[in-house]
Amino acid sequence: MKKQTLISGAVTVATGGFIAKLLGAIYRIPLTNLIGGKGIGLYQMAYPFYCLLLTVSATGIPSSIATLVASERAKGESAKRVLPTAMKLFLIIGGLGTALMIGLAPFLAKAQGETGLTYGYVALAPSVFLVSAISVFRGWFQGLKDMRPTAFSEIIEQVVKVGLGLFVAYLYRADVMKAVVSLLFAVSVSELVALIFMVVLYKRVPATELLGKDRGRVKIKEILSLSVFVTTSSALLPLSNLVESVLLVRLMDKYTELSVTLYGLFSGGAVTIIGLPVSICYGLAAASVPAVSEADEQTAHKKVARSILITLLVSLPCAIALYFFASPLVGIVYRSLSGTEKEILVGLVKGFSISAVTLSCLQTSSACLTARGKPKLSVVATGVGVAVKIALDFWLVSNPKLSIMGAVIATNVCYAVAFLLDLVFHLRLNRVKKASE
């Protein structure tokens, strides 16, 4: 194993994330051709609840585990103290998430007005358990300052999902719902392959990387004391997306028959495109955690400022490019869409482009708050942003003149508010540290 610096680690994760997202974006081209706009809409409708469960069982894991591992190693402790307890804890949580998704599948599908989607939820459910285990491994390796397992596992996930997904979409192209269910099952298969890859990597870790004091396994409460707030902060955005998957369609149903298609263009089109630069900047968030965690109080704030500044310098040009090249990009990625659908999606991407900056900076600033031992502050910032978002959804999307563009405006405001609050909290932490010196 080779330890990586903040920049090299960020580049590694960013490269892996970009390749994975790029594959996902390219995947949409033939997929949309095979199952159409409504098929994409149905496919996306299963994701908000899935993402919420992943957030509870997995999303907050890498940063919290990386923080613990980095802190332990800074004190001369062995890295192997963290992994067994973390794996046991999050496999239980992930298993409960899978069971919950299966149990609620009929009710969720009925609430969304697509009862056939019940089988889609069931097909996707095993992923919750599998991603929990993958996330523990990712966080553990990140704590050792090795970002390569995270990058490679993300690419493997996407390659398997794309390959198997296109196969089943072609196979069942005459039956949209059956194709959607099969596509969701392909996601579960991709996570299984990625988990096998991570297990193989872990078994090949040199013994020298596990040296240090060994006071026994880390207690569950030590992990929970950090991960609970990280998870809560991470869960707020997927929770708002889950609410939107029902709310937006219901609001638009009052004045259009294309509500599912519009929601699909927003969540499966615009959000996917904006996710490309955000995935690049995720590497900075991941690499910042061990760097800030092991730093002393005098240098931690400098590393935080550096991470946010680099995130801004990377994401801003991406946002500008998305705005000015939205039309050709949509034309290439979603060429099977009708002229009207393309026009709507171009407008959504342009309106949403600012979030490439604010969401990227938000994930970095939130990760740095966790690394500084203040995940509660991230919960507050994100919570305020989400509350503003839902309130704006009710007000703006109800207006037929704005329609789905109202959701774009609400999301832009959400990320901006949360990021600005994060900045305020970091500045207050810096002042407190200076005052105590």
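Trainee: Let's start with the overall fold: how many helices and strands are there in the protein chain?
Mentor: Helices (H or I, at least four residues) and strands (E, at least two) are DSSP runs, numbered from the N terminus. This is a predicted model, where local features need pLDDT of at least 70, side-chain atom pairs count only at pLDDT 80 or more, and totals for chains, interfaces and linings use all residues. Residues are numbered from 1 along each chain as its sequence is written, and side-chain values use heavy atoms, with hydrogens and water left out. In the protein chain there are zero strands and 16 helices.

Trainee: Thanks! What percentage of the residues in the protein chain is buried?
Mentor: Buried means under 20% relative accessible area, exposed over 50%, and partly exposed in between (1.4 Å probe, protein chains only). Of the 437 residues in the protein chain, the buried ones make up 56%.

Trainee: And among contacts between residues at least 6 apart in sequence, what share joins residues at least 24 apart?
Mentor: Contact means heavy atoms within 4.5 Å. Counting the protein chain's contacts between residues at least 6 apart in sequence, the share that joins residues at least 24 apart is 85%.

Trainee: Which residues touch the most other members of the largest nonpolar core?
Mentor: A nonpolar core is a set of buried Ala, Val, Leu, Ile, Met, Phe, Trp, Tyr and Cys residues joined through side-chain atoms within 4.5 Å. The largest one has 92 residues, and those touching the most other members are Y50, M101 and L345. Helix 10 (residues 259-293) gives this core its largest share, twelve residues. A second, separate core has 25 residues, including V69, M87, L89 and F141, so for the largest core the names to keep are Y50, M101 and L345.

Trainee: Which residues does L345 touch, not counting residues up to four places away in sequence?
Mentor: L345 is one of the residues with the most partners in the largest core. With residues up to four places away in sequence not counted, L345 touches L265, G269, A270, V330, Y334 and L337.

Trainee: Now helix 14: how many of its residues are buried?
Mentor: Helix 14 has 17 residues and reaches 24 Å from its first C-alpha to its last, close to the 24 Å expected at 1.5 Å a residue. That expected span is 1.5 Å times one less than the number of residues. After the helix comes G373, with a positive phi near 80°. Helix 14 is largely enclosed by the rest of the structure, because the buried count among its 17 residues is 16.

Trainee: Within that helix, is S365 buried or exposed, and which backbone oxygen does its side chain reach?
Mentor: S365 sits in helix 14 (residues 355-371), and S365 counts as buried because its relative accessibility is 0%. Leaving aside neighbours within four places in sequence, S365 is in contact with I308, F419, D422 and H426. A polar contact is a pair of N or O atoms within 3.5 Å; within protein, one must be able to donate a hydrogen and the other to accept it, and residues adjacent in sequence count only if both atoms are side-chain atoms. At 3.0 Å, the S365 side chain reaches the backbone oxygen of L362.

Trainee: How many disulfides does the structure hold?
Mentor: A disulfide is a pair of cysteine sulfur atoms within 2.5 Å. C361 is buried at a relative accessible area of 2%, and C368 is buried at 0%. The number of disulfides in the structure is zero.

Trainee: Which residue does the side chain of D253 join in a polar contact of 2.5 Å?
Mentor: D253 belongs to helix 9 (residues 220-253) and is partly exposed, with a relative accessible area of 43%. D253 is 145 residues from S398 in sequence, yet their C-alpha atoms are 9.7 Å apart in space. The side-chain partner of D253 at 2.5 Å is S259.

Trainee: Last one: what is the phi of S403?
Mentor: Most residues other than glycine have a negative phi. S403 lies in the loop between helix 15 (375-397) and helix 16 (405-436), and S403 is buried, with a relative accessible area of 10%. Although S403 is not a glycine, its phi is positive, at about 50°.
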